[in-house]
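Dear colleague,

I am handing over the structure below for you to look through. My notes on a few of its residues follow.

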Amino acid sequence: MGKATGFLEFQREDGPVASEKDRVNNFKEFHARLPIAAQREQAGRCMDCGVPFCQAGLMIAGMASGCPLHNLVPEINDLVWQGRLEEAYKRLSITHSFPEFTCRVCPALCEAACTCGLHGDPVATKENEKAVIEYAFQNGLVKEEVPAVRTGKKVAVIGSGPSGLAAAQLLNRRGHEVTVYERKDRVGGLLRYGIPNMKLEKSVIDRRVKLMEEAGVKFVVNADVGGSIDAAELEKEYDAVVLACGASHPRDISAPGRDAKGIYFAVDFLGKVTKELLDSEFEKVPHELAKDKDVIVIGGGDTGNDCVGTCIRLGARSVTQLEMMPKPAECRLPGNPWPEWPRILKVDYGQEEAIWKFGQDPRVYQTTVKEFVKDKKGNLKEAVLVSLEAKKDEKTGRMNMVPVEGSEHTVPAQLVLIAAGFLGSEKYVTDAFGVETDGRTNVKTALGSYRTSKEKIFAAGDVHRGQSLVVWAISEGRGAAKAVDEALMGYSNL
């Protein structure tokens, strides 16, 4: 249970972070790790409290509380405290496919539900996890299992993001022959092209993919299933197909002037930056995409924050981030008690860097774009912004954000990045496989199931549950793998 008085003796300490001045000059990860002795003390703060919501993964008030993978957090923390990192890795790997991803990009649902966080700082579970998995890689402990016996069954996984990789990993371990199809030129899905390199260095993906290949998983890139590759042929060739192709239909902004040159969907922009970096082996930084431009990012979530940090690295003259909703409270309100996910103001790395460079938080709340203004050549030159206020819809009773009359004002803008979320699956893929979708265009399954309306076709990740977190995608991939295994073999030991 960690150290009996650990939460009293040790204050929370996070690993060192590079200064804004240093980190905005490159695309390298900037979070370092504590020495093992110091990390052990952080793990010693965990008391196996008896109410470990950290590992619950429950939906409370419509939000996740604790880890959806149900990692046994207190057990792992106790093993770290004792310095038994190899055993900690073995315990973690039972429930988790890719700790090296979540320890970098997860918002730490486990920590938000930590009992120590009720009246103080939560246990540093995310950094404890990073210490465990990096120790395991450094000491040759991470190995993909090569099955002793093959089942003779063939499974196609469409998409190589976290859900597709998790499904492929477990199905291969079970002995099925697994082929992963990825429409981009490199494996990883949104891990590769949706998350900037300074948040997740791509070598972290490559080392895991290499292990999976050595264990027998086949990867096919530049393979657009439903486009250049016929879905019907895959159904004939494989005993099962897992759709893990993400919720990649972005939400657009409907405003006059939307056709101006200089307006991009955020993930397309982030992917373009990453691709140019990878293609040049980080020798060429595509500064021309944002240098000396006034940038507006529409959307206040993680992707919007990534756009802010990326544009600062590309030399933007100014960056403004628009958020439709009101500014959150700085601490929990009575209506948002522990262990619910805390709906509070957070300052992420992109906002930190904008404050350092421009002297203020880039976020402007209760604001959206009313019109995009073009020059004579069709290039974006300005944006007309409008303030929003909450008003009750008399018919539905719902509160909607509506424009405030007379609040319009014009600001310079030569680059706009739309990070307003995603609407669900892409129609050409679901049509190609003939699967039913729900009202949100997610692939439809029975509650708690991964089986689609088509025999042999399963769904996992964002294409199934809608836009979500990497940790949820991994959980879905693991669940879908078990469902496929049961369908093929009549039972599953996954």
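A polar contact is a pair of N or O atoms within 3.5 Å, where, within protein, one must be able to donate a hydrogen and the other to accept it, and where residues adjacent in sequence count only if both atoms are side-chain atoms. Such a contact, at 2.6 Å, links the side chains of Glu182 and Ser160, and the side chain of Glu182 also reaches the backbone nitrogen of Lys184 at 2.9 Å.

Please bear in mind that this is a predicted model, in which local features need pLDDT of at least 70 and side-chain atom pairs count only at pLDDT 80 or more, while totals for chains, interfaces and linings use all residues. Residues are numbered from 1 along each chain as its sequence is written, and side-chain values use heavy atoms, with hydrogens and water left out.

Val242 has 0% relative accessibility and therefore counts as buried (under 20% relative accessible area, with exposed over 50% and partly exposed in between, using a 1.4 Å probe and protein chains only). Among the residues that Val242 touches, leaving aside those up to four places away in sequence, are Val155, Ile158, Phe458 and Val484 (contact means heavy atoms within 4.5 Å). Although Val242 and Asp252 are 10 residues apart in sequence, they are 28 Å apart in space, C-alpha to C-alpha.

Some backbone features also deserve a look. Asn222, which is not a glycine, has a positive phi of about 55°, and Asn222 is exposed, with a relative accessible area of 54%. Lys456, likewise not a glycine, has a positive phi near 80°, and this residue is partly exposed at 28% relative accessibility. Finally, Trp338 and Pro339 are joined by a cis peptide bond with omega of about 10°.

Best regards
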